Amino acid sequence: MFKWNESFATGIKTIDSQHQRLFEIGEEIEVLLNTYLDQSTLHKTEELLHELRDYTIYHFNTEKELFHKFNYPDLDHHLSEHDKFVDYLNKVDMDDIKMDQEEFLNNLLRTVAQWIFKHINSEDFKYVPFLKDKIQ
Ligand SMILES: [Fe+2]
């Protein structure tokens, strides 16, 4: 699911390396979910989900700062997309994940993956022509 490839490249270094980190965390969760879930792998999964959420928020803040710094015109729309996703992540009770929730975890991960792919390819790519020259 979470494999970064060139089709996700914006050409903006900071953004691409943060996106790659998001994919890495997603892939780590995926690997764990494909192994036998016991108490310790479940605990690790929980930790990684927290990490994914925190890193997502950190990454969104980086984009937000760049938008403000360079007066990106479509910032309201973009930031509201981020807010919706953070709301979704916050609604998932990641401290109450149980061993029998493997299917739930798989669905969660699939939803997150699809959201990220779609967001990069539709929303993030919109700011590339605007920000690229200003940053590099
Ligand atoms: Fe974004």
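Trainee: Which residues in α3 meet α4, and which residues in α4 do they meet?

Mentor: In this predicted model, helix α3 covers residues 75-91 and helix α4 covers residues 102-135. The residues of their contact divide into 3 nonpolar, 2 polar and 2 charged. On the α3 side the contact is made by His78, Glu81 and Phe85, and on the α4 side by Trp115, His119, Glu123 and Tyr127.

Trainee: Are α3 and α4 roughly parallel or roughly antiparallel to each other?

Mentor: The two helices pack at an angle of about 165°, with their axes 11 Å apart, and α3 passes α4 in a left-handed crossing. Angles over 145 degrees count as roughly antiparallel. The relation of α3 to α4 is therefore roughly antiparallel.

Trainee: How are α1 and α4 placed, roughly parallel or roughly antiparallel?

Mentor: The axes of α1 and α4 come within 11 Å and cross at roughly 160°, and this crossing is left-handed. With angles over 145 degrees counted as roughly antiparallel, the angle of roughly 160° is the value to compare. So the term for α1 relative to α4 is roughly antiparallel.

Trainee: How many residues of the contact of α1 with α4 are nonpolar?

Mentor: From α1 the contact draws on His19, Leu22, Gly26, Ile29, Glu30 and Leu33, while α4 brings Glu102, Leu105, Asn106, Leu109, Val112, Ala113, Ile116 and Ile120. Of these residues, 3 are polar and 2 are charged, and the number that are nonpolar is 9.

Trainee: How far apart are the axes of α1 and α2?

Mentor: These helices cross in a left-handed way, and α1 is roughly antiparallel to α2. The residues of their contact divide into 9 nonpolar, 8 polar and 4 charged; among them are Ile25 and Ile29 in α1, and Leu48 and Leu52 in α2. The packing angle is about 165°, and the distance between the axes is 9 Å.

Trainee: Which residues is Ile29 in contact with, leaving aside its neighbours within four places in sequence?

Mentor: Once its neighbours within four places in sequence are left aside, the residues in contact with Ile29 are Thr45, Leu48, Leu49, Leu52 and Leu109.

Trainee: Does His59 count as exposed, partly exposed or buried?

Mentor: His59 has its place in helix α2, and, not counting residues up to four places away in sequence, His59 touches Gln18 and Leu22. Because His59 has 18 C-beta neighbours inside 10 Å, it counts as partly exposed.

Trainee: And Thr62, does that residue count as exposed or buried?

Mentor: Thr62 also lies in helix α2, and it is in contact with Thr14 and Gln18 when its neighbours within four places in sequence are left aside. Thr62 has 12 C-beta neighbours inside 10 Å, so it counts as exposed.

Trainee: What separates the C-alpha atoms of Met1 and Arg110?

Mentor: Met1 is found in the segment before α1 and is partly exposed, with 15 other C-beta atoms within 10 Å. Not counting residues up to four places away in sequence, Met1 touches Gly26, Glu30, Leu109, Arg110 and Ala113. Met1 and Arg110 are 109 residues apart along the chain, and their C-alpha atoms are separated by 7.5 Å.

Trainee: What phi does Asn71 have?

Mentor: Asn71 sits in the loop between α2 and α3, and with 9 C-beta neighbours inside 10 Å it counts as exposed. Most residues other than glycine have a negative phi. Asn71 is not a glycine, yet its phi is positive, at about 50°.

Methods:
Residues are numbered from 1 along each chain as its sequence is written. This is a predicted model: local features need pLDDT of at least 70, side-chain atom pairs count only at pLDDT 80 or more; totals for chains, interfaces and linings use all residues. Axes are lines fitted to C-alpha atoms, for helices over the stretch in contact, and angles run from 0 to 180 degrees between N-to-C directions. Helices (H or I, at least four residues) and strands (E, at least two) are DSSP runs, numbered from the N terminus. Angles under 35 degrees count as roughly parallel, over 145 as roughly antiparallel, 65 to 115 as roughly perpendicular and the rest as oblique. A crossing is left-handed if the near helix is turned anticlockwise from the far one by less than a right angle, and right-handed if clockwise. Two residues are in contact if their C-beta atoms, placed from the backbone, lie within 7 Å. Ala, Val, Leu, Ile, Met, Phe, Trp, Tyr, Cys and Pro count as nonpolar, Asp, Glu, Lys and Arg as charged, and the others, Gly among them, as polar. A residue is buried if 20 or more other C-beta atoms lie within 10 Å of its own, exposed if 12 or fewer, and partly exposed in between; C-beta atoms are placed from the backbone.
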